[in-house]
Every structure is written in structure tokens, then in C-alpha cells.
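Dear colleague,

Please find the structure that I am handing over to you below. My notes on it follow directly after.

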Amino acid sequence: MENTLFTKYLFKHPSVLVFLTLLSLFTLSVVVLAEGFGFGLISTSFVKTLGKTLCLCMVAIAMDLVWGFCGILSLGHFAFFALGGYMIGMWLMYARTELIVLDATQSLALPLTKTEITEAVGIQIFGVVGGSEIPLIWSFADLFWVQLILVILVPGSLALLFGWLAFRSRVNGVYLSILTQAFTLALALYLFQNDSGLRGNNGLSGLQNIPGFDDVPQSIISIWFLFGSAVVLGIVYLLAHLIVSSKLGNIIQGIRDDETRVRFLGYNVESYKLFVFVITASISAVAGAIYYPQAGIINPAELAPIASIYLAVWVAIGGRGRLYGAVIGASFVSLLSSYFTGGQAPDISLGFATIRWTEWWLVLLGLSFVFVTLYAPKGIGGLFDHIKGK
Amino acid sequence: MSQLLHVDNVSVTFDGFKAINQLSFDIGNCELRAIIGPNGAGKTTLMDIITGKTRPDSGDVRWGDTGISLLRFSEARIAQMGIGRKFQKPTVFEKQSVYENLLMSLNNNRNPFSVLTYKRNRADDEKIQNLLHQISLQSQKGFLAGQLSHGQKQWLEIGMLLAQDPQLLLVDEPAAGMTAPERKITVNLLKDLSRTRAIVVVEHDMEFIRQLNCRVTVLHEGAVLAEGQIDFISNNQDVIEVYLGR
């Protein structure tokens with residue numbers, strides 16, 4: 001029954017069907033071509049880049065929901081993304097350090113007590129910031145399921161609190177954008193402190209090592225994560241599509257176009273904005289929790305205000321107000337960005353000066369943003385309208 | 001005729017300018033009422049106060065048989081309680097279809113979670129078909145609201161108000177930008193609707209108000225200048241001086 005309902009939905013909304021098919025094909029071909037699995041045409045680090053890109057697509061979908069559909073230009077969604085990463089990173093780091101400690105003390109005649117283990121783990125993790133005590137916020141770090149719930153719970157509650165305060169006071173437009181920037185900056189500055197309990201500017205590292213899977217090579221783990229990222233992206237896309245094609249989708253687009261009219265139709269606009277804000281913050285957090293084990297390291301620089309601005313640029317270039325536009329924008333721009341800033345693009349010598357792409361990429365990005373805004377306000381995704389129209 | 005809305009001695013000041021000055025005003029059940037007045041007389045501010053957009057400095061607005069004060073409710077709550085408002089400029093959701101515009105306005109549960117899980121059903125579809133018939137937009141059902149003519153948008157907005165099934169309709173300049181035949185349809189629509197609910201029409205156009213043939217309230221400098229049938233109003237010396245004579 002469930003199955004027929006699902007297939008019916010797919011045929012009613014062909015864009016979802018096309019997206020899910022392309023996503024599966026993409027994942028399948030990467031798995032087949034990857035180093036760890038068969039042909040070895042795609043290096044492990046590139047598999048990780050692709051897996052990370054899929055996670056960025058999820059945040060872009062969240063951004064599209066909150067900005068493209070509901071009209072809230074949040075410039076702070078990367079804060080939720082990073083927080084999700086921190087939450088899962090705490091478990092990864094704690095559990096692995098604990099395993100290492102147990103391993104190193106195996107030959108001792110007297111096995112360590114629980115307190116001794118905790119102390120040893122504390123020194124290992126917090127020695128770098130001059131501490132050894134395990135902070136209170138790490139209370140559940142050894143429990144995978146609890147940290148997994150915290151991945152959604154912590155960013156979700158923060159979004160709820162922030163959104164409730166902001167929307168209740170009817171902060172709108174550019175003022176709200178500035179407030180979200182301040183929010184992510186404040187959080188980053190807090191995390192930069194050594195006594196924040198999350199290792200200050202060192203952040204959490206070694207996240208690519210999954211506790212208990214030490215004997216599995218990274219080339220295989222990277223494929224697991226790519227696969228996982230693809231599955232979650234598929235679910236997020238479907239979920240987002242369900243939201244925008246429901247009556248709630250009509251309402252939030254109404255809020256984007258004319259908030260006052262929605263209010264005078266008897267809808268409590270604030271609770272709708274809050275709903276969308278919290279849902280998208282949670283999606284971002286889940287994306288972050290899958291992203292950072294592939295990146296291997298997370299530090300407060302990830303919460304820099306500029307990251308969230310890039311997110312808006314991706315969605316604008318891809319085409320806001322359409323979900324596939326967000327995916328196109330995020331994947332296209334972030335892959336190009338890692339190509340140009342990764343030192344792979346050849347420098348262009350003009351005789352009197354040399355164009356180094358690591359520096360000039362930002363200029364290129366800026367120019368394409370201006371170009372899209374002026375000549376293709378619907379973004380790359382808008383091109384599909386022309387194809388459909390003919 | 002029992003009383004539906006009672007505006008009691010309300011004043012509001014914007015930066016020292018008295019937009020509404022100790023204004024009192026009553027609307028009965030199923031009454032059709034027109035409000036006229038020169039620019040700055042406080043017509044729109046009065047609507048803002050009734051619908052909760054502006055809080056008055058003093059006075060009270062009482063609603064329904066129980067005489068409950070509206071001042072402590074939000075715009076959304078007041079709309080849910082049965083006061084619908086049409087803006088001066090037609091405001092419809094231009095990027096969505098006529099059908100969707102009406103669907104959103106239907107008097108269903110407005111909680112985000114029940115809106116998310118809402119399924120289209122036959123009863124609601126029939127309601128929308130009836131509304132489309134009432135506002136003469138049957139054949140534009142699938143159009144984007146942005147494609148409608150100015151007059152059609154005005155009707156659509158009235159239809160959206162009707163979908164909420166309000167007891168009181170506040171209609172700001174319904175005839176603005178309408179052709180003569182469109183005006184005629186609008187007059188008949190408003191008259192027809194006022195048989196089952198109260199309607200307050202704010203309008204500049206005296207000819208339109210003459211066609212409505214209802215009680216008229218003249219506002220001037222934030223207070224009621226005169227009230228009565230159209231013939232009484234058009235012969236009132238004060239009204240002629242401040243408004244009609246110009």
C-alpha cells in the first residue's frame with residue numbers, strides 16, 4: 001500500500017522521479033568507478049569531495065525552503081550545519097579516544113577503572129587546550145544514539161529560540177538577515193574560546209576514523225558515506241517536495257509574496273515562519289553530521305558568517321523557489337570552487353601579470369553572481385522553463 | 001437589528017497627528033454601510049484599528065453579542081473571529097492559481113501541522129466552485145492570479161474573504177480601477193452578500209455609493225461628521241463644505 005502511494009506520488013511529480021533516478025545513477029557510477037571498489041578511476045579524496053557535495057546540496061535545499069519558498073533570507077544556516085557536525089564529532093572523537101586508551105593499557109596487569117579511563121580520555125582530548133576535565137556538555141559523548149538525537153535537538157532548539165524571539169518581534173527582511181549573521185558570528189566567537197568545552201580553535205579532529213572500524217580502509221568508508229549521503233539527500237529532497245507541494249507550501253509562498261494578506265486571512269504567520277525555520281535548521285544539522293566525518297575535521301572557522309552567505313549565492317545561482325535549482329547551484333558552485341581553489345586549475349600567464357585561480361576564483365564567483373542576478377534572475381534552474389516551454 | 005461591532009470613543013495619534021479623534025461607530029448584523037471622507041479623514045486607520053493592525057491610544061472596539069474587546073487579539077485571531085478585510089490595492093497571491101488562492105482562504109484549521117497534512121476533498125472543492133461562481137471567475141480557475149485583470153483581482157480578493165465565511169467584511173475601495181460593467185456586477189455582489197453578513201465599504205466614488213443605496217457615514221479629521229441615507233448626506237451643509245463641494 002505504502003509502495004503504491006509512493007509510486008503514485010512519483011508519477012504525479014515527475015521532477016522528483018527524475019531527481020531520484022539521476023541521484024541513484026550518479027551514486028552507482030561513483031561506487032563502481034571508485035578506488036576502493038573496482039575500477040579505481042576516482043580517488044578516495046574525490047569520493048569524499050563528492051560525498052561532501054551531496055551534503056551541501058541538503059543545506060542548499062534547506063536554504064531554498066526558508067529563503068526561496070518562505071522569503072526569509074537567513075544568513076546563518078551554516079551555524080546549524082556546523083553544530084550538527086560538532087554533535088556527531090563529539091561521539092566520534094570520544095569513542096575513538098576511549099578505544100585507543102583501552103588498547104594502550106591492555107597489557108597492564110590491573111585493568112583501568114572507569115574513572116581512570118575517563119581521566120585518560122580527558123587528557124587525550126583536552127590536553128591541547130590545557131585541560132583534562134571532561135566538560136559537562138560531553139556527558140553523553142560515549143552514547144552514539146544520544147549524540148545522534150542531539151544532532152537534531154541542539155540546533156533545532158536553538159533555531160526555535162532564535163526564531164521565536166525574532167519572528168515574534170516581527171523582524172523582517174534585511175534586519176533579520178543581519179540578525180542571523182550576528183547569530184552565527186557570536187556562536188563562532190564563543191566556540192573559538194578554549195573554555196567553551198569544544199577545544200577552541202583546534203576544533204574536533206580525526207573524525208574520518210569511525211570507532212570500531214579501524215581495520216576498514218578509508219577508500220571503503222568513503223564509499224559508505226557517499227552512499228549514506230545520497231540516501232539522506234534523496235529523503236531530504238522528497239521531504240522538502242512534500243512540504244512545498246502541500247497546502248503549507250501555498251501558505252509559505254504566500255508569506256513570501258504578501259505576508260500581510262496571509263495574516264489577514266487568519267493565519268498566524270509567525271508560527272509558520274518558525275516551523276520552516278526549525279525544519280530547515282534540522283535538515284542543515286543532519287547534513288553537517290554526515291559532512292564532517294567525511295571532512296575529518298571541524299573547527300569554529302566553519303561557522304564564519306561568509307559560509308552562510310555563500311549558501312545564499314549557491315541557491316541564487318541555481319535558482320531559488322525550485323528544489324532542483326538549489327541542488328544544481330550547490331553542487332555546481334561548490335565543485336567548481338574546490339577545483340579552482342584546490343590548485344588544480346592551471347594559472348594563466350598574461351605576460352605582465354599571472355591569474356592565479358586560487359585568488360581569482362572569488363572574482364569569477366562574484367561576476368557570475370552579478371551576471372545571474374541581472375540576466376537570469378531565475379538562476380540556472382530557470383533554464384528548464386525555457387526547455388519545457390518549447 | 002442587533003449590534004455586531006461597536007467602536008467606542010477611539011483615538012489614535014501618529015507623531016502628534018490625531019488620525020482618529022474620539023470616534024464612535026456601530027455596525028449591526030447584516031448591515032451594508034458605506035464610509036466616505038476626504039483623504040486623511042481616517043478611513044483606512046479605522047479599518048486598521050478594527051482588524052488589529054493598529055492599537056488605539058484610548059477607547060475600545062467591541063465585537064459580537066458578548067461585546068468582547070478586540071484590542072488584545074492579533075490580526076490573525078481577529079480574522080479567525082469573523083472579520084475579513086479587503087485592501088485598497090487588490091492583494092492576491094499573484095504567483096499562485098485562482099483556485100489555490102481560494103483554497104488557502106477556506107475556513108479550515110489554520111494550525112501549521114493540520115495545514116501540512118491537509119488533503120483536498122470534495123466538500124472543499126464544491127465550496128470553491130460556488131465561490132468561483134459567485135465572483136464570476138469560473139473560467140479563470142486555473143489561471144495564475146497575476147494574470148487576472150485589475151477588476152478580476154478585486155473580485156478574487158472578495159472571494160477570498162468570503163471563503164473565510166466572515167460575519168463582517170471590511171472592503172476598501174472595491175470599485176477602484178473597475179470598468180462600468182464591472183462596477184455594476186460588484187454593486188450587485190455586495191448587495192447580495194449583505195443579506196447574510198455585515199459589510200462596510202470605504203469608497204470615494206459617490207455614484208458607486210448611490211448605487212449601493214445604503215446608510216452612509218462621513219468621516220472628517222478622524223471623527224464622524226454626519227451619518228444617514230445618501231440623500232440626507234448629499235444635502236448636508238457640513239458634508240458639502242468639506243467633501244462634496246470640492
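In which helix is the place of Phe371(A)? Phe371(A) belongs to helix α14 (residues 357-375) of chain A; helices are DSSP runs of H or I with at least four residues, strands are runs of E with at least two, and both are numbered from the N terminus.

Please note that this is a predicted model, in which local features need pLDDT of at least 70, side-chain atom pairs count only at pLDDT 80 or more, and totals for chains, interfaces and linings use all residues. Residues are numbered from 1 along each chain as its sequence is written, while chains are lettered from A and ligands numbered from 1 in the order in which they are written.

Chain A

Phe371(A) counts as exposed because it has 11 C-beta neighbours inside 10 Å. In sequence, Phe371(A) is 329 residues from Ile42(A), and their C-alpha atoms are 33 Å apart in space.

Helix α11 (residues 269-295) of chain A is largely enclosed by the rest of the structure, because 23 of its 27 residues are buried. After α11(A) comes Gly296(A), with a positive phi near 90°.

Helices α2 (residues 14-33) and α8 (residues 218-245) of chain A pack at about 175°, their axes 10 Å apart. Axes are lines fitted to C-alpha atoms, for helices over the stretch in contact, and angles run from 0 to 180 degrees between N-to-C directions. Residues of α2(A) including Phe19(A) and Leu23(A) meet residues of α8(A), among them Phe227(A) and Tyr237(A); contact requires C-beta atoms, placed from the backbone, within 7 Å. This contact of α2(A) with α8(A) has 13 nonpolar, 3 polar and no charged residues. Here Ala, Val, Leu, Ile, Met, Phe, Trp, Tyr, Cys and Pro are nonpolar, Asp, Glu, Lys and Arg are charged, and the others, Gly among them, are polar.

Chain B

In chain B, 6 strands form an open sheet of mixed pairing, in the order β6-β7-β8-β3-β9-β10; two strands pair if DSSP finds at least two bridges between them. Strands β6 (83-86) and β10 of chain B are at the edges with a single partner strand each, so one side of each lacks a neighbour in the sheet.

Strand β9 (residues 215-220) of chain B has 5 of its 6 residues buried. β9(B) runs parallel to β3 (residues 32-36) of chain B, with 4 bridges, and antiparallel to β10 (residues 223-229) of chain B, with 6 bridges. Thr217(B) is the bridge partner of Ile35(B), and its own partner in β10(B) is Glu227(B). The hairpin of β9(B) and β10(B) has 2 residues between the strands, and Glu221(B) there takes a positive phi near 50°.

With kind regards

Technical notes. A residue is buried if 20 or more other C-beta atoms lie within 10 Å of its own, exposed if 12 or fewer, and partly exposed in between; C-beta atoms are placed from the backbone. Two residues are in contact if their C-beta atoms, placed from the backbone, lie within 7 Å.
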